[in-house]
Amino acid sequence: MLPSPSEYTKNPIKIEMQRSLERNSRVYKEMFNDAQKKYSDAIEKLTKLTDAYLREKTEVENFIKIKDREVELSKKNANEKLLKDFLPVLDSIDAAIQAEKDNNLIRIRDQMLGVLSKYGLKPIKAEGSRFDPYLHEVVGVTADGEDGMIKYEVQRGYTLNDGVLRTSKVIVVKR
């Protein structure tokens, strides 16, 4: 509300101070609103950047985990080809044991399997087990025994670090 001319002439300093106070108040209010908007914008940007950082950080951590698993798997299976090439030697020893029942050959084979097991090679259990198409390959069937059970193992299978290196060739009971 504007002062009347008579009021203004009575106390001009007080009126001018009041006007100045009102102008300053508006200016400060605008400055405050502007600063508050800048603060809100900065908080919003910071939130977006933090989210982006966390997403990128998670992606990098996941990438590192995937690569670590790949490296670990590569290390575990580095000898796969060598071990696969070595399986015919084990087959020959098994055949010689079958033919001659030589205790020295059994000890040598067991010793070799002990060494190879340190690298993740394990024989697949077959005879007397239930047929598992992921571990066994049927090469013949017989009616002698319980249905679905493996009667004979023709060729031993092996796993390497829990993955099948070679399936066991088996004769399965089927009725």
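Here is a short walk through the chain, from its overall form down to two of its residues.

Keep in mind as you look around that this is a predicted model. The predictor's confidence averages a pLDDT of 92 over the chain, with 99% of the residues reaching 70 or more. If you colour the chain by confidence, the lowest element is helix 1 (residues 5–10), with a mean of 82, while the highest is strand 6 (residues 168–173), at 96.

Now follow the chain from its start. Four helices and six strands make up its secondary structure.

Next, step back and take in the whole outline. How does the radius of gyration of the chain stand against that of a compact globule of 175 residues? The globule would come out near 16 Å, but the chain has 42 Å. The extents of the C-alpha trace along its principal axes are about 135 × 40 × 20 Å. Of the 175 residues, 19% count as buried. The chain exposes about 13,500 Å², and 57% of that area is supplied by carbon and sulfur atoms. As for charge, there are 32 positive and 29 negative side chains, and the centres of these two sets lie 5 Å apart.

Among contacts in the chain with a separation of 6 or more, 59% join residues 24 or more positions apart.

With that picture in place, zoom in on Thr159, which you will find in strand 4 (residues 158–160). Is Thr159 buried or exposed? Its relative accessibility is 13%, so Thr159 counts as buried, the cut-off being under 20%. Setting aside neighbours within four places in sequence, Thr159 is in contact with Gly120, Leu121, Lys122 and Ile124, as well as with Val164 and Leu165.

For the second stop, move on to Lys174, in the segment after strand 6. Why does Lys174 count as exposed? Its relative accessibility is 56%, and the exposed class begins over 50%. Even so, Lys174 has contacts: residues up to four places away in sequence not counted, it touches Val141, Thr142, Ala143 and Asp147.

Note on methods: Residues are numbered from 1 along each chain as its sequence is written. This is a predicted model: local features need pLDDT of at least 70, side-chain atom pairs count only at pLDDT 80 or more; totals for chains, interfaces and linings use all residues. Side-chain values use heavy atoms; hydrogens and water are left out. Helices (H or I, at least four residues) and strands (E, at least two) are DSSP runs, numbered from the N terminus. The radius of gyration is taken over C-alpha atoms; the globule rule is 2.2 Å times the number of residues to the power 0.38. Buried means under 20% relative accessible area, exposed over 50%, partly exposed in between (1.4 Å probe, protein chains only). Contact means heavy atoms within 4.5 Å. Accessible areas come from the Shrake-Rupley method with a 1.4 Å probe; for residues, only the protein chains shown count as cover. Lys and Arg count as positive and Asp and Glu as negative; His and the chain ends are not counted. The place of a charge is taken as NZ of Lys, CZ of Arg, CG of Asp or CD of Glu. pLDDT is the predictor's confidence in each residue, from 0 to 100.
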